[in-house]
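Hi everyone, thanks for coming.

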Amino acid sequence: MTRRKNFEKQLYSDDDGLRFATPWPVAAYRAKRLKCSSLADISCGIGGQTVYFARECERVYAIEIDPAKLELARKNCKLFGLNNVEFICGDALSDDVIEQIPAVDIVFSDPARAAAEKERDIDNLTPHIPDVLAAYSGNTRNFAFEAPPQLPPERISFDCELEYLSLDGELNRLNLYFGDLKTCTISALGLPGPTKMCRKTEPPEETEMINVSKPGNYLYEPDPAVIKAKLLPELIKELKDKAEIFRIDNKRLMLTSNTVMDHPLIKNTYRIVFNTEFVPEAINRELKKRGYGKVLLRTEVDPAMYWDIRNRLEKNLNGEKKINLFARESIAYICEKI
């Protein structure tokens, strides 16, 4: 058995199973959302998600093609004191396995994917989502799938709810909900909250998302699930339209305002101390005057030049305070995290 902080208990596992097992706050949330009488868990792996389904559902069918992993799932369910899981070894799309699954309320599938891809593709999941939908259409109309969270909404064409999920401020999962499980078009969920934001209609036109060229007194880093789901307009509405979009660079889309605001889906808040031309030596002199000691460079720079710029910014700084440097075009915004 191996312990990881992402698991509620020690789990029986092999190396791959532990690497891909669902963190327990995610597994617990997903099980509560999918709570029902009977559920089929396809590609259950070592059972990290299965045990939480079994806590919430009356009956769970755990299907896994790898007999070694299925045995680990069996041990993990026993570890949690669960006896309402039926374990089935085989290909989830085979007639032999499908015939063993009765009518269920929900089919959940966590398909296998490559550990690394140049670009994530919904068609590279195994088993394929359309194949699972077709194979189990006689068992239920309600399906839930896990997909790579790096996938942008426009590359997923299914009629389902896309739920981008973050854990402790980091993008963690993408859940797809079909049938009666679909509650909106796209959503962002932050754990451990949970705090959820939904869109039920078509997204606004790009022209409606006005990007200001100059920030207010404060910058806000939205939760990455909000960014990935493209729900910034909804977040702004919840902030009573007191914030505006300020794009730092191609990687950083932030909000700005002249007053301090709070929201569970704001990851970090920064106060702009000063702004100036992005000239490292000039910024360094100002940082010395203000007693700063370390600069966190939060902008796009040539990787080959990163440490050269960082060293020039921090040359002979001996203060204890840290500063965050964001840059838009040629202007540097020197910020304190609050």
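I'll talk through some of the salt bridges here.

A bit of housekeeping before that: this is a predicted model, where local features need pLDDT of at least 70 and side-chain atom pairs count only at pLDDT 80 or more, while totals for chains, interfaces and linings use all residues. Residues are numbered from 1 along each chain as its sequence is written, and side-chain values use heavy atoms, leaving out hydrogens and water.

By salt bridge I mean a side-chain nitrogen of Lys or Arg within 4 Å of a carboxyl oxygen of Asp or Glu. How many salt bridges does that rule give? The count is 25.

Let's begin with Glu 71 and Arg 74, whose closest N and O atoms are 3.3 Å apart. Both sit in helix H4, residues 67–79, and are 3 residues apart, about one turn of the helix. Helices are DSSP runs of at least four residues, strands of at least two, numbered from the N terminus.

Now, Glu 146 and Arg 173: buried or exposed? Glu 146 is buried at 4% relative accessible area, and Arg 173 is buried at 11%. Buried means under 20%, exposed over 50% and partly exposed in between, with a 1.4 Å probe and protein chains only. Their salt bridge has its closest N and O atoms 3.0 Å apart. It links distant parts of the chain, strand E5 (residues 143–147) and strand E7 (residues 170–177), with the two residues 27 apart.

Finally, a network of salt bridges links Arg 33, Glu 161, Glu 163 and Lys 196. Happy to take questions!
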